[in-house]
Amino acid sequence: MAKLLSEQLPNEHLDVVLVSPYLCAQQTWNACEKELPQATTVMIDNCITPYGKSDQVSTYLRALVSVKKKTSILVISHLPLVGYLIEELVLGLQLTTFPTSSIVCINYDSDTKKSSLLWLKIPLKVQESS
């Protein structure tokens, strides 16, 4: 999944990586980091744990784009927060499922303050078992 993400990054660049303080997210980042371009900033974020508040996280992410002019942000977190966060960012989208290790790409336009889902990638092993 990290290789796939690396191929999809605009300009092969990561401005910010936000990682949950939980061990599994830390391990995920350590594994992915080898496949991805070097991030400008990597931060451990205590707000992106499984039961973090999606409205607060989405406000923070929008501010990173609008105020700090960050163009590519990677969030490594957990369910159920990730599912709620995606729905918070892309209004009207309702995910029936978001399997572990899936990757979603969301475009946020800071001028219109609207987000759109660009793509969702689910690991092949999950697709095969469905």
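## Briefing: a helix, a hairpin and a pocket

The buried residues of helix H4 (81-89) pack against H3, E4 and E5. This is a predicted model, with a mean pLDDT of 92 for the chain. The largest pocket has a volume of about 1,300 Å³, and H4 is among the elements that give two or more residues to its lining.

- Of the chain's residues, 95% reach a pLDDT of 70 or more.
- Among the elements, E3 comes out best, with a mean pLDDT of 97.
- Helix H5, residues 124-129, sits at the other end with the lowest mean, 62.
- Where pLDDT is low, the predicted coordinates should not be read in detail.

- The buried residues in H4 are Leu 81, Val 82, Gly 83, Leu 85, Ile 86 and Leu 89.
- Pro 80 belongs to the loop between E3 and H4.
- The peptide bond running from Leu 79 to Pro 80 is cis, and its omega is near 0 degrees.
- That one is worth a look, because most peptide bonds are trans.

**Thr 49, tucked into a loop**

- You'll find Thr 49 in the loop between strand E2 (39-44) and H3.
- Thr 49 counts as buried because its relative accessible area is 13%, under the 20% cut-off.
- Setting aside neighbours within four places in sequence, the contacts of Thr 49 include Ser 20, Pro 21 and Tyr 22.
- Thr 49 also touches Ser 77, His 78 and Leu 81, and Leu 81 is one of the buried residues of H4.

- E4 (103-109) and E5 (114-121) run antiparallel and are joined by 7 bridges.
- Ile 106 has Leu 117 of E5 as its bridge partner.
- Cys 105 stands opposite Trp 119, also in E5.
- There are 4 residues between the two strands, and in this hairpin Lys 113 takes a positive phi near 60 degrees.

**The largest pocket**

- Its lining runs to 43 residues, and those nearest the centre are Ile 73, Leu 74, Val 75, Ile 103 and Val 104.
- Elements giving two or more residues to this lining are helices H1 (2-8), H2 (23-33), H3 (54-66) and H4, plus strands E3 (73-76), E4 and E5.
- E4 gives the most to the lining of the largest pocket, with 6 residues.
- By class, the lining has 28 nonpolar residues, 12 polar and 3 charged.

**Positive phi in the loops**

- Most residues other than glycine have a negative phi.
- Lys 69 is not a glycine, yet its phi is positive, at about 60 degrees.
- Lys 69 is in the loop between H3 and E3, and it counts as exposed because its relative accessibility is 58%, over the 50% cut-off.
- Ser 101 isn't a glycine either, and its phi is positive at about 75 degrees.
- Ser 101 lies in the loop between H4 and E4, and at 43% relative accessibility it is partly exposed.

Note on methods
Residues numbered from 1 in each chain as written. Predicted model: local features only at pLDDT ≥ 70, side-chain atom pairs only at ≥ 80, totals over all residues. Heavy atoms only, no water. 1 Å grid on protein atoms, 1.4 Å probe; cavity = no way out; pocket = protein on both sides within 12 Å on 5 of 7 lines; lining within 4 Å. Points joined across faces, edges and corners; volume = space filled by probe spheres on them. Nonpolar A, V, L, I, M, F, W, Y, C, P; charged D, E, K, R; others polar. pLDDT = per-residue confidence, 0-100. Buried < 20%, exposed > 50% of the residue type's maximum accessible area, 1.4 Å probe, protein only. Contact = heavy atoms within 4.5 Å. Pairing = 2+ DSSP bridges.
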